[in-house]
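Please consider the structure shown below together with its sequence.

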Amino acid sequence: MDVILFLIFAAIALVCGINVVVQSHPISSAISLVGVMGSLAVLYLLLGAEFLAAAQVIVYAGAVMVLFIFVIMLLNAGGEIRHGRSIMAQVLGIPLLFAFLGLMAFFVQRLFPSADLVHFGAFRHGGAQDVGRALFTRFLLPFEVVSVLILIAILGAVVLARKELE
């Protein structure tokens with residue numbers, strides 16, 4: 001049953017991830033990203049990391065996506081104007097994508113030949129204490145850098161929106 005649920009939610013995450021890139025309207029892209037975040041939360045649950053799943057839903061699918069949608073609304077971004085694609089991109093796009101995926105699969109197989117299999121529910125390091133200890137010891141600097149980058153992005157969006165109004 002775990003494998004079936006994994007395949008279903010991995011497929012949902014994959015389809016929503018592709019939809020994030022393909023959509024021409026930014027709000028539709030953001031909604032698809034919420035689908036990716038929700039699917040990842042279910043995958044965390046399948047692995048036995050309940051705290052990480054809850055944090056995924058609350059922090060990413062909730063707060064960060066509200067922030068993204070707020071910035072999109074603040075910028076008053078409309079739909080993307082589609083231009084004609086080049087013939088080269090239309091002819092070579094899909095074959096080059098499959099070649100890239102095959103090459104990546106080959107390198108992953110070469111670099112990690114004897115990787116352990118994933119056992120559903122066997123992950124025991126996803127509790128609040130483990131995440132807090134890792135976040136505030138080993139990953140404190142990247143955590144703070146990301147928070148400053150998000151603040152800079154919000155300020156940039158406000159500046160861009162203000163220039164557009166004047």
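Q: In which helix does Gln56 lie?
A: In this predicted model, Gln56 belongs to helix H3.

Q: Why is Gln56 called buried?
A: The relative accessible area of Gln56 is 6%. Buried means under 20%, so Gln56 counts as buried.

Q: Which residues does Gln56 touch, not counting residues up to four places away in sequence?
A: Gln56 touches Met37, Leu40, Ala41, Tyr44 and Ala61.

Q: How far apart are Gly38 and Gln56 in sequence and in space?
A: In sequence, 18 residues separate Gly38 from Gln56, and the C-alpha to C-alpha distance is 7.6 Å. Gly38 is located in helix H2.

Q: What makes Gly38 partly exposed?
A: Gly38 has a relative accessibility of 28%. Buried requires a value under 20% and exposed a value over 50%, with partly exposed in between. The value of Gly38 falls in that middle range, and Gly38 is therefore partly exposed.

Q: Why is helix H2 called roughly antiparallel to helix H3?
A: The axes of H2 (residues 26-47) and H3 (residues 50-75) come within 8 Å and cross at roughly 175°. Angles over 145 degrees count as roughly antiparallel, so H2 is roughly antiparallel to H3.

Q: Which residues of H2 meet residues of H3?
A: On the H2 side they include Pro26, Ile27, Met37, Leu40, Ala41 and Tyr44. On the H3 side they include Glu50, Leu52, Gln56, Val57, Phe68 and Met73. By class, this contact has 21 nonpolar, one polar and one charged residues.

Q: Where is Val57, and what makes Val57 partly exposed?
A: Val57 is placed in helix H3. Its relative accessible area is 42%.

Q: Which residues is Val57 in contact with, leaving aside its neighbours within four places in sequence?
A: Val57 is in contact with Ala41 and Gly62. As for Val148, Val57 is 91 residues from Val148 in sequence and 22 Å from Val148 in space, C-alpha to C-alpha.

Q: How do you know that Ser32 is buried?
A: Ser32, found in helix H2, has a relative accessible area of 8%. Leaving aside neighbours within four places in sequence, Ser32 is in contact with Cys16, Asn19 and Val20.

Q: Why is His119 called exposed?
A: The relative accessibility of His119 is 55%. Exposed means over 50%, and His119 therefore qualifies. His119 lies in the loop between helix H4 (87-111) and helix H5 (128-135).

Q: How far apart are His119 and Val3 in sequence and in space?
A: They are 116 residues apart in sequence and 10 Å apart in space, C-alpha to C-alpha.

Q: How many aromatic pairs are there?
A: Rings pair if their centres lie within 6.5 Å, and by this rule there are two aromatic pairs.

Q: What makes the pair of Phe136 and Phe143 edge-to-face?
A: The ring centres of Phe136 and Phe143 are 6.2 Å apart, and the angle between the planes is 75°. Planes over 60 degrees apart count as edge-to-face, so the pair of Phe136 and Phe143 is given that name.

Q: Are Phe136 and Phe143 buried, partly exposed or exposed, and what are the values?
A: Phe136, at 52% relative accessibility, counts as exposed, since the limit is over 50%. Phe143, at 37%, counts as partly exposed.

Q: How many helices and strands are there in the protein chain?
A: The protein chain has six helices and zero strands, and the pattern along the sequence is α-α-α-α-α-α.

Q: Why is the protein chain called more spread out than a compact globule?
A: The radius of gyration of the protein chain is 20 Å, whereas the globule rule gives 15 Å for 166 residues. The value is well over that of the rule, so the protein chain is more spread out than a compact globule. Along its principal axes the C-alpha trace spans about 55 × 45 × 30 Å.

Q: What percentage of the residues of the protein chain count as buried?
A: Of the 166 residues, 13% count as buried.

Technical notes:
Residues numbered from 1 in each chain as written. Predicted model: local features only at pLDDT ≥ 70, side-chain atom pairs only at ≥ 80, totals over all residues. Heavy atoms only, no water. Phe/Tyr/Trp six-rings, centres within 6.5 Å; stacked < 30°, edge-to-face > 60°. Buried < 20%, exposed > 50% of the residue type's maximum accessible area, 1.4 Å probe, protein only. Axes fitted to C-alpha atoms, helices over the stretch in contact; angles between N-to-C directions. Helix = DSSP H or I, 4+ residues; strand = E, 2+ residues; numbered from the N terminus. Parallel < 35°, antiparallel > 145°, perpendicular 65-115°, else oblique. Contact = heavy atoms within 4.5 Å. Nonpolar A, V, L, I, M, F, W, Y, C, P; charged D, E, K, R; others polar. Rg over C-alpha atoms; globule rule 2.2 N^0.38 Å.
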